[in-house]
Amino acid sequence: MGLGAWQLGADWGEVSEDAAFATLGAAVDAGVTFLDTADVYGDGRSEQIIGRFLRQHPAGPSLTVATKMGRRVPQEPSAYNIDNFRAWNDRSRANLGVDTLDLVQLHCPPTPVYSTDAVFDALDTLVQEKRIGAYGVSVERVEEALTAIARPGVASVQIILNALRHKPIEAVLPAASAAGVGIIARVPLASGMLSGRYDEHTTFGADDHRNYNRHGDSFDVGETFSGVPYEVGLEAVRRLKPLVPPGATMAQWALRWIADLPGVTVVIPGARGPEQARANAAAADLARLTPEAHAAVAEVYDELIRPLVHDRW
C-alpha cells in the first residue's frame, strides 16, 4: 500500500498543513514507502508539503516519491516537449527539494502523446540528464496504457482500478507483467464510495470534486466515483458490504481486492488524516480474499457497473 497525496493539495476540501504532515507521518510509520503526488495538486502545495516532510525525516525509511507533470497547461500535444519537461521538472525538483525526481509520470495527457516518439525521446533525455530516475504515465483509457506499455523506457502505468472499474484486468495487467512494467492502481476506493460511509444524504463541499465534477464539468468524470453514477455506486456497495470479513473495514477489504490482482505493484489510496492513513496501510496485512468473494465482486460489476462504464475507458 502506498499513499496518494492529491488530498494534501486540493480538490477534496481543506486539509491543513498540520493534518497533512500528520497523515504523511502516520503512513510512513505504518510501513508505506511509496508516495504519489503531482505538480498540479494545489498548484504545487502537495509536492511542497512532501518536500518539507522529507527534509524533516532524513533518517526515515527509504521513500519513493512519484510525481506527475503536464496538467498545468492547455491540453495540447505540442505542449509535451523537452523545454516544457525541463521547466516542469525544475519546478517539481524545487518543490520536493531533490536533485533527481524518483519517478515522473505524464499526467493523463492527450491521447496522441502516447504515440509520439519525440515525447519519449525527451523523457529518455531527462533520465540521461539525471533530472528524473525513471518515467511512467498516468492514463484514463486502457488503450493508452497498452500503447505506453509497448514503449521500452516506460517504468510504470498508473490507471484507475477498483471494485467498480475492472477493465484493466483483461489486458493491461497481463501486458504490464509481461513487459516488466509496474502498475500503480489509483482511485482505489472510487473517491471514497468503496469506504461504505456514503449514502443518499451525504453532502460534499463546494471545493470537493465529488460535488463539482460529478458530471465531468472540470476534468474527466472517470476521476470522480470512477465515473459510476452516484446512486448506482451506492447500490453496488450495499451488495458488496456483506462480503467484508469481521475485523476489517469495507475500505480495507476493497484495497485488499486490488492487491490480490496479479500484476498490481502498488495501490495508492488517499487519506485526509493519520487514522485513515494507518487504516489504509493495514489493508496490506489482510488475508487474500477468497475465490468466492472475488466471484461475487465480478457478479456485482457485471450486473450493475459493466453496462455503464466498461466501454468508456
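Visitor: What makes β7 and β8 a pair?
Guide: Strand β7 (residues 182-186) and β8 pair in the parallel sense over two bridges. Two strands pair if DSSP finds at least two bridges between them, so that count qualifies. Within this pairing, Val-267 of β8 is the bridge partner of Ala-185. Strands here are DSSP E runs of at least two residues, helices H or I runs of at least four, numbered from the N terminus. By the way, this is a predicted model: local features need pLDDT of at least 70, side-chain atom pairs count only at pLDDT 80 or more, and totals for chains, interfaces and linings use all residues. Residues are numbered from 1 along each chain as its sequence is written, and side-chain values use heavy atoms, leaving out hydrogens and water.

Visitor: Which order do the eight strands of the open sheet have?
Guide: The order is β1-β2-β3-β4-β5-β6-β7-β8, with parallel pairing.

Visitor: Why do β1 and β8 stand at the edges?
Guide: β1 (3-4) and β8 (266-267) each have a single partner strand, so one side of each is left without a neighbour in the sheet.

Visitor: Why is His-209 called buried?
Guide: Buried means under 20% relative accessible area, exposed over 50%, partly exposed in between (1.4 Å probe, protein chains only). His-209 has 0% relative accessibility, so it counts as buried. His-209 sits in helix α8 (residues 209-212).
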